[in-house]
Amino acid sequence: MALKTVTREFEGFLEDRKSRFLAHLVPIDMFEQRLEELRKAHKKANHVVTAHRRLLDDGRIEESGKDDGEPAGTSGMPTLRVLQGAELIDCAVLIVRYFGGTKLGGGGLARAYSGAAQDAINNAELVPFRKISSRKVSADFASGSELERRVEGLGLRVIARDYTEDGVTLTVEGPEEDLAGL
């Protein structure tokens, strides 16, 4: 299974019988802030439906779909199923709905929410998902600069340098498969 993700926000749109569905596909670390911003920016909107998927440290996937007042199962879960079908991870979809005056029914809502989510995914630049981890690596003083060059050559990021009487310990961060090169 080749999981994918996004590194910035992308938008999608769907209109059905004058109801407008504004979809926002965001990296998971933007989810809470974006939800707050959308609720403030769209005070007249009827609902902000959300779905997210996140890879936990133990390898399990945390996921949810929230209906935000829509009839149970008509919006959050269909949106989540679109994320699952696209094999997306560590991202979320937030869909702002403006009611157009005509009820869409359960099937209509499910199609509209999943269609808006799919439109955002279609507009997105999807990138292969790579789990980011950190690791400590040590070297004596004579080998410290060589270690720094290796870390830089692998495209890893040094997040801490700790000097001891024996040498240096670097805390580095990057994709797990790149860390294996150390």
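Reader: Tyr-113 first: buried or exposed?

Author: Tyr-113 is buried, at 0% relative accessible area. Buried means under 20%, exposed over 50% and partly exposed in between, with a 1.4 Å probe and protein chains only. Bear in mind that this is a predicted model, where local features need pLDDT of at least 70, side-chain atom pairs count only at pLDDT 80 or more, and totals for chains, interfaces and linings use all residues. Numbering runs from 1 along each chain as its sequence is written, and side-chain values use heavy atoms, leaving out hydrogens and water.

Reader: OK. How many aromatic pairs are there?

Author: The count is one aromatic pair. Rings of Phe, Tyr and Trp (its six-membered ring) pair if their centres lie within 6.5 Å; planes under 30 degrees apart are stacked, over 60 edge-to-face, the rest tilted. Here Phe-21 and Tyr-113 sit edge-to-face, 4.9 Å centre to centre with 80° between the planes.

Reader: Where are the two in the chain?

Author: Phe-21 is in strand β3 (residues 19-27) and Tyr-113 in helix α3 (residues 105-123), 92 residues apart, so the pair links distant parts of the chain. Helices (H or I, at least four residues) and strands (E, at least two) are DSSP runs, numbered from the N terminus.

Reader: And Phe-21, buried or exposed?

Author: Phe-21 is buried, with a relative accessible area of 0%.

Reader: Switching topic: how much of the protein is buried?

Author: 45% of the 182 residues count as buried.

Reader: What about overall dimensions?

Author: The C-alpha trace spans about 75 × 35 × 25 Å along its principal axes.
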